[in-house]
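This report is a short tour for a reader new to the structure. Please keep the sequence and the 3D view at hand while reading.

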Amino acid sequence: NRYITIKTHIDSAPKESHFELKTAALALSVAPGSNYVIVKNLYVSIDPYQVNRMKSYSSSHKATSFSVGICPGEAIDAHGAGRVVASGNPNFEKDDLVIGLLTWGEYSVLKEGKALNKLDPMGFPLTYHVGILGTSGLTAYGGFFEVCKPKKGEKVFVSAASGSVGNLVGQYAKLFGCYVVGCAGSKQKVELLKGKLGFDDAFNYKEETDLKSALKRYFPDGIDIYFDNVGAGMLEAAVANMNAFGRVAACGVISEYTGGLRAAPDMVDVVYKRITIQGFLVVDFMNVRADFLSRTSDHLRTGKMQAIEDIVAGVESIPSAFLGLFRGDNIGKRLVKIADE
Ligand code: NDP
């Protein structure tokens with residue numbers, strides 16, 4: 001079994017040299033009644049939050065409270081889709097398709113399979129169940145509808161808008177009847193947002209010298225909802241342009257994960273404009289998961305939503321695929337394909 005691990009905790013900007021491809025012998029069988037499940041990984045998710053789990057616990061960046069830190073040398077757990085090759089657990093049989101917490105490797109050896117579920121692909125590609133019908137989709141759906149509490153016609157700004165979560169937030173917001181502007185880091189991404197994805201407008205934030213005045217140009221009447229994926233200066237600029245009773249959904253702060261940046265939004269604005277800034281985690285939305293799945297799969301079937309995917313091949317590509325998130329290499333949901341179905 002080949003799998004990716006970190007050599008040490010990573011408290012600086014992550015580099016390829018922090019990662020290692022390890023090989024370990026693995027018997028593809030389990031003792032009956034052992035409860036172990038061995039899964040052949042087919043697709044694994046590549047997500048920015050993993051970088052927070054790679055930091056040392058003693059560093060100033062606290063280990064995330066929602067998922068345990070990653071230990072150097074050990075397999076790194078990550079969402080993914082796979083096929084059961086051996087099971088001592090009565091809930092799973094050999095050849096079952098499964099979705100859940102696997103590992104960044106060729107096989108996942110799961111002690112109890114607690115965070116694993118059988119997967120009915122419902123006629124969709126497996127990759128959709130990791131992205132648009134999986135965690136990214138639920139994050140966008142719950143973050144937008146439950147946290148932003150949108151009203152039709154409201155003006156919505158989304159950052160990292162061509163990314164996995166961001167592009168879906170924009171698509172939901174358009175379908176709901178909002179005015180949507182996204183920002184992203186390249187011309188090609190901006191074209192995707194304005195073209196195929198139907199955003200009302202989009203801009204390349206890397207070409208703007210003053211984010212506050214850029215947002216003033218795109219939202220002359222102010223922003224009602226900001227779906228924040230990046231934090232730092234973008235959050236400050238958005239808060240400066242928010243309308244009274246505006247909502248900021250703090251989904252993630254990727255620009256703050258690897259450097260020393262921290263957002264300092266103008267709190268006088270927050271007070272006088274009665275702005276709500278709310279953080280959330282995808283696990284908060286399990287109560288709306290069934291609605292999310294049925295609405296999103298309908299939208300996919302009727303062509304009202306598009307799945308934008310960015311699939312890299314091979315277990316050895318995981319570190320570069322992961323580091324690429326922080327360079328903006330990906331367009332849409334980034335996954336690594338580990339093996340043929
Ligand atoms: P993406 O697919 O959006 O990939 C990351 C993107 O972020 C890149 O493509 C890049 O696009 C952009 N980016 C990278 N560095 C910077 C930077 N310094 N400044 C601005 N933009 C940057 O990832 P996800 O959709 O998976 O995640 C988006 C955000 O949502 C992250 O912050 C993540 O942590 C968070 N998240 C939160 C969850 C929750 O439960 N709260 C669940 C899932 C994700 P560009 O070219 O536009 O710069």
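## Contacts of Tyr 218

Two residues are in contact if their C-beta atoms, placed from the backbone, lie within 7 Å. Leaving aside neighbours within four places in sequence, Tyr 218 is in contact with Val 181, Asp 201 and Phe 203. The model in which these contacts are found is a predicted one.

Tyr 218 belongs to helix α6, which covers residues 211-218. Is Tyr 218 buried, exposed or partly exposed? Tyr 218 has 17 C-beta neighbours inside 10 Å, and therefore counts as partly exposed. Asp 266 is 48 residues away from Tyr 218 in sequence, and their C-alpha atoms are 20 Å apart in space.

## Confidence of the prediction

The chain has a mean pLDDT of 95, and 97% of its residues reach 70 or more. For the complex, the predictor gives an ipTM of 0.99 and a pTM of 0.97.

One stretch needs care: over residues 58-64, pLDDT stays under 50. The model has nine contacts beyond four places in sequence for residues 58-64. Where pLDDT is low, the predicted coordinates should not be read in detail.

## Two domains

The domain assignment of the chain gives domain 1, made of 2-131 + 307-337, and domain 2, made of 135-283. The centres of domain 1 and domain 2, taken over C-alpha atoms, are separated by 28 Å. In the contact between them, 18 residues come from domain 1 and 18 residues from domain 2.

On the side of domain 1 that touches domain 2, the elements giving two or more residues are α1 (50-53) and β15 (333-337). By class, this side of domain 1 has nine nonpolar, seven polar and two charged residues.

## Around the ligand

How many residues are around the ligand, and which come nearest? There are 30 residues around the ligand, and Gly 163, Gly 185, Gly 252, Ser 255 and Gly 328 come nearest. By class, the residues of this shell divide into 14 nonpolar, 13 polar and three charged.

Domain 1 and domain 2 each supply at least three residues to the shell around the ligand. At least two residues of the shell come from each of α3 (135-148), α4 (164-176), α8 (254-257) and α11 (318-327). The largest share, three residues, is supplied by α4.

## Strands β1 and β2

Strand β1 runs over residues 2-6, and four of its five residues are buried, so β1 is largely enclosed by the rest of the structure. Strand β2 (residues 19-23) pairs with β1 in the antiparallel sense over five bridges. Across this pairing, Ile 4 has Leu 21 of β2 as its bridge partner.

Strand β6 covers residues 107-110. In a regular strand the side chains alternate between the two faces of the sheet. In β6, Tyr 107 and Val 109 point one way, while Ser 108 and Leu 110 point the other way. All four of these residues are buried.

The antiparallel pairing of β6 with strand β3 (residues 37-45) has four bridges. Ser 108 in β6 stands opposite Val 39.

## Ile 99 in strand β5

Strand β5 (residues 97-103) contains Ile 99. Why does Ile 99 count as buried? Ile 99 is buried because 23 other C-beta atoms lie within 10 Å, and a residue counts as buried at 20 or more.

Apart from its neighbours within four places in sequence, Ile 99 is in contact with Ala 81, Asn 117, Leu 119 and His 129. Gly 82 is 17 residues from Ile 99 along the chain, and 6.5 Å separate their C-alpha atoms.

Met 122 is not a glycine, yet it has a positive phi of about 55°. The loop between β7 (116-118) and α2 (126-130) is the place of Met 122. Met 122 is exposed, with 12 other C-beta atoms within 10 Å.

Ala 232 is not a glycine either, and it has a positive phi of about 45°. Ala 232 is found in helix α7, which spans residues 232-240. With 18 other C-beta atoms within 10 Å, Ala 232 is partly exposed.

How values were computed:
Residues are numbered from 1 along each chain as its sequence is written. This is a predicted model: local features need pLDDT of at least 70, side-chain atom pairs count only at pLDDT 80 or more; totals for chains, interfaces and linings use all residues. pLDDT is the predictor's confidence in each residue, from 0 to 100. Two strands pair if DSSP finds at least two bridges between them. A residue is near a molecule or strand if its C-beta atom, placed from the backbone, lies within 6 Å of it. Ala, Val, Leu, Ile, Met, Phe, Trp, Tyr, Cys and Pro count as nonpolar, Asp, Glu, Lys and Arg as charged, and the others, Gly among them, as polar. Domain bounds come from an automatic or database domain assignment.
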